[in-house]
Amino acid sequence: RLDSSLRSEWRQVMNKKKEPPMQTKSKSLFNIFEIRFKFIAFVLLFFYIVGVFYVALSTFRTDDPIPDVKVIDLNMLKQFRDLSTKIKAGLHIRNFSSFDFSTNNFVVNAVVWFEFNQGEIPLKTIDQFSFENSKMIFKSQPYITLHDNQMLVKYNVIFEVKTDVNFQRFPLEDHRLSIVLTNNFVTPNEVCFDDQPSALSFSVAESLFTSNWKMKSSSCISGYSSLHYDQFEPNKTMLNPKVIFSIDFAKNGINKILLIFIHLFAAIFLELFSF
């Protein structure tokens, strides 16, 4: 009896030695689960960041507003038909002496031209054109050509212009440069820019260099602006013809973006590895 009881106790002790403690088992299972969770979280975060950058760089999106312009409708055409002189206008950009969205500083070297009936409006009136939110640095004498009673006037101009820039999505934003051509000395009753697609021209030199930016598209639209200069008399308004030339620019490459985010990414990944 004593031998049998000793044998049973010895067997129980040996079985306990062979079986690992429950705490050790649960701890090892928890470590395996924790490693898998970290790895899955790291992979998901990596693909999320890559997806955000891919979408931001492959799709064009800008929050920069287009300057306000009112299109001449049919009623206004009937009103201006007998009084207003239609002018064809165009802008060709040769280059940018300064091009910087971060400081909102652009110096444009361009050619601006007008075509109109020489008997309907004097050249002196055309010569009073200007660009909104800009400072004229150089303006050449007009180069004039005549063809079938149509006068074509060209000017070489260099001007500094500022545009409305929105940095809400920095540094993944795209931008729009808007150049507004106007004449503050006439009204649409006297002169209006022709709104036909063939009457407006906007072109950019093929050799145009814009560091870190690539030209996406360009457009132009004509109309007029309305200014209420007397708050007590709503009927007192000042109308001026204008043409808006817009260029959309998208980011060219991710070098500057990586310079901003590389330290943040390194800190996040290091934290994930050491967590």
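Is glutamate 160 buried, partly exposed or exposed? Glutamate 160 is partly exposed, because its relative accessible area is 22%, where buried means under 20% relative accessible area, exposed over 50%, and partly exposed in between (1.4 Å probe, protein chains only). The structure is a predicted model, in which local features need pLDDT of at least 70 and side-chain atom pairs count only at pLDDT 80 or more, while totals for chains, interfaces and linings use all residues. Residues are numbered from 1 along each chain as its sequence is written, and side-chain values use heavy atoms, with hydrogens and water left out.

The secondary structure of the protein chain consists of five helices and 11 strands; helices (H or I, at least four residues) and strands (E, at least two) are DSSP runs numbered from the N terminus. Of the 275 residues in the protein chain, 33% are buried. The accessible area of the protein chain is about 18200 Å², of which carbon and sulfur atoms supply 57%; such areas come from the Shrake-Rupley method with a 1.4 Å probe, and for residues only the protein chains shown count as cover. Among contacts in the protein chain with a separation of 6 or more, 74% are between residues 24 or more positions apart, a contact being heavy atoms within 4.5 Å.

Strand E7 spans residues 175–182, and eight of its eight residues are buried. On one side of E7 these are His175, Leu177, Ile179 and Leu181, and on the other Arg176, Ser178, Val180 and Thr182, so that both faces are covered. Strands are taken to pair if DSSP finds at least two bridges between them. Strand E3 (residues 130–131) runs antiparallel to E7 and is joined to it by two bridges, with phenylalanine 131 having leucine 181 as its bridge partner in E7. Strand E11 (residues 237–251) is also antiparallel to E7, and eight bridges join the two. In this pairing, arginine 176 stands opposite aspartate 248 of E11.

In soluble globular proteins, nonpolar side chains tend to be buried together. A nonpolar core is a set of buried Ala, Val, Leu, Ile, Met, Phe, Trp, Tyr and Cys residues joined through side-chain atoms within 4.5 Å. The largest such core in this model has 38 residues, and those with the most contacts inside it are Leu91, Ile93, Phe114, Ile179 and Leu181. At least two residues of this core come from each of strand E1 (85–100), strand E2 (105–117), strand E6 (150–161), E7, strand E8 (191–193), strand E9 (200–204) and E11. Apart from neighbours within four places in sequence, the contacts of leucine 181 include Ala89, Val112, Phe114, Phe131, Phe193, Val243 and Phe245.

The structure holds four salt bridges, each defined as a side-chain nitrogen of Lys or Arg within 4 Å of a carboxyl oxygen of Asp or Glu. One of them joins the side chains of aspartate 248 and arginine 176 (3.0 Å, N to O). This pair links strand E11 to strand E7 across 72 residues. Aspartate 248 counts as buried because its relative accessible area is 13%, and arginine 176 is likewise buried, with a relative accessible area of 13%. A second pair is formed by the side chains of glutamate 132 and lysine 242 (3.2 Å, N to O). Here the loop between E3 and E4, which holds glutamate 132, is linked to lysine 242 in strand E11, 110 residues apart. Glutamate 132 is partly exposed at 27% relative accessibility, whereas lysine 242 is buried, with a relative accessible area of 4%. Glutamate 160 also takes part in a salt bridge, with lysine 135 (3.9 Å, N to O). Glutamate 160 lies in strand E6 and lysine 135 in strand E4, 25 residues apart. Lysine 135 counts as exposed because its relative accessibility is 51%.

Most residues other than glycine have a negative phi. Asparagine 133, in the loop between E3 and strand E4 (134–139), has a positive phi near 55 degrees and is exposed, with a relative accessible area of 60%. Aspartate 148, in the loop between strand E5 (143–147) and E6, has a positive phi near 50 degrees and is exposed, with a relative accessible area of 64%. Threonine 163, located in the loop between E6 and E7, is instead buried, with a relative accessible area of 7%.
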